[in-house]
Amino acid sequence: MELPEISNMASAIGVSVPVFRFLLCFVATIPVSFFHRFVPGGPRARHIYAAVTGAVLSYLSFGFSSNLHFIVPMLLGYAAMLFNRKHCGIVTFFLAFGYLIGCHVYYMSGDAWKEGGIDATGALMVVTLKIISCAINYNDGLLKEEDLSAAQKKNRLLKLPSLFEYVGYCMCCGTHFAGPVYEIKAYLDWTEREGIWQSRGSALSPYWETLRAILQAGVCMGLYLYLVPNYPLSRFTEPVYLEYSFGKRLFYQYMSCFSARWKYYFIWSLAEASIIISGLGFSGWSDGNPPKPLWDSAKNIDILGVELARSSVQLPVVWNIQVSTWLRHYVYERLVRKGQKPGFFQLLGTQIVSAVWHGLYPGYLIFFFQSAVMIAGSRVLYRWQQASQGSLMKQLFTLLNFSYTLLVLNYSAVGFLVLSLHETIAAYGSVYYIGTIIPIVLVLLGNAIKPARKPRSKTRKDE
């Protein structure tokens, strides 16, 4: 296809040529993943196919330098596992994140994305999580089983993966473009047709679920293209926005963030289709009769779960689901000292790691700090709800928590989307920082007003 034709097609859907080229390669991950099912020659051939197709798609999408950027942290992580198993987890964490931060600073990808450009930094973000989880799981293989959590027992590696297995895992069929992130243990079982893929798992049909995900992606893209021109993010710094009433500004913040989310829904729905059709997204069978196949490992977004979340606490389990799972297993839970319960420090630490992973823009840092406080405030409302008497009061607190989540999420998300400090402060200040003040007030009130504990039963008292 000649460049003028690509340019015309890109203009027709309102994107730049680099973004359009990326979208073509991203869609190509679906047939590439499909053909993985039929690669002859056993596990070794499937590892090579996964690695080569991932590298080729990266080259076609981002250029030759993209694969060089992937190779650097991959080799650093593998060297750490090979020569320093006892500390390979923490060493790889800082080396891989350090390289990612360097690329964030050098390319300033957020600015490029806002101007219609694209580079390999987004894919490097996914590869970084894979490298780190592999090294940590190999590190966990040295620990005593009684000291491990359920997730650690499930995912730990007792022996070092071969270089073929490791590179195939990191680059698998282009799944590093937008995720979802998955464990190397699952990848190895899938490639070798072991575990849940050993019997019926390798022969089940993924086609209806794949079609559903593709249709969902189409609807999401249609809504995004329809909504975004009506609610551009650039309006937050325009004089016309300042002429809006307070209520209209809040509504505009909601609609601009609501509109922008459909782009993420589109990307993750396509990624879901790719990993489902390969079979890797299979996660077992339901308990029903007859049992139905589950595809939870492929799922990265629950659209209704986000848009109708009744509590901010629910958001991490419905938005960017697999990355949230990664953050829980490899950051949040590991910040908790043995015998202690997690608190705000672990939540804030996890959100800071997430912010740095996204990039060093002020908007990201502010958003993830906001989200930590938002979740803490929502937990206060939930505690009050649980302590309240009567169904009416419980329903009132449920409605209050839903409204709080809707308001604070869309207020906070403006920073995530506009990125710059000036635009973030301008948008927050235009509604008098309401989405910052309310969560902080709730947290302070939660410390001052402790809900009364329900009285224990007489039997329990006698015990």
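Q: Where is I48 placed in this one?
A: In this predicted model, I48 has its place in helix α3.

Q: Changing topic, how do α5 and α16 pack?
A: Helix α5, residues 88–107, packs with helix α16, residues 344–358, at an angle of about 45°, and their axes are 8 Å apart. That angle makes α5 oblique to α16.

Q: Which residues meet there?
A: From α5 the residues are F93, F97, L100, I101 and H104, and in α16 they meet V353, V356, W357 and H358. Sorted by class, this contact of α5 with α16 holds 7 nonpolar and 2 polar residues, with no charged ones.

Q: What about α17 and α18, at what angle do they pack?
A: Helix α17 (residues 362–387) and helix α18 (residues 391–418) pack at about 175°, with 9 Å between their axes. The two helices are therefore roughly antiparallel to each other, since an angle over 145 degrees counts as such.

Q: How do the residues of that contact divide by class?
A: The contact of α17 with α18 has 16 nonpolar residues, 11 polar ones and 1 charged one.

Q: How many salt bridges does the count come to?
A: The count comes to 7 salt bridges, taking a side-chain nitrogen of Lys or Arg within 4 Å of a carboxyl oxygen of Asp or Glu. R334, for instance, forms a salt bridge with D140, and the closest N and O atoms of that pair are 2.8 Å apart.

Q: Which parts does the R334 and D140 pair tie together?
A: R334 lies in the loop between α15 (321–332) and α16, whereas D140 is in helix α7 (residues 121–140), so the pair ties together parts that are 194 residues apart in sequence.

Q: Now the backbone: which residues does a cis peptide bond join, with omega about 0°?
A: That cis bond joins G179 and P180, and P180 is found in the loop between α9 (163–171) and α10 (184–191). The peptide bond from N289 to P290 is cis as well, with omega near 5°, and P290 lies in the loop between β1 (284–285) and β2 (293–294).

Q: Which residue has a positive phi although it is not a glycine?
A: That is C173, which is not a glycine and yet has a positive phi of about 55°; C173 lies in the loop between α9 and α10.

Terms used:
Residues are numbered from 1 along each chain as its sequence is written. This is a predicted model: local features need pLDDT of at least 70, side-chain atom pairs count only at pLDDT 80 or more; totals for chains, interfaces and linings use all residues. Side-chain values use heavy atoms; hydrogens and water are left out. Axes are lines fitted to C-alpha atoms, for helices over the stretch in contact, and angles run from 0 to 180 degrees between N-to-C directions. Helices (H or I, at least four residues) and strands (E, at least two) are DSSP runs, numbered from the N terminus. Angles under 35 degrees count as roughly parallel, over 145 as roughly antiparallel, 65 to 115 as roughly perpendicular and the rest as oblique. Contact means heavy atoms within 4.5 Å. Ala, Val, Leu, Ile, Met, Phe, Trp, Tyr, Cys and Pro count as nonpolar, Asp, Glu, Lys and Arg as charged, and the others, Gly among them, as polar.
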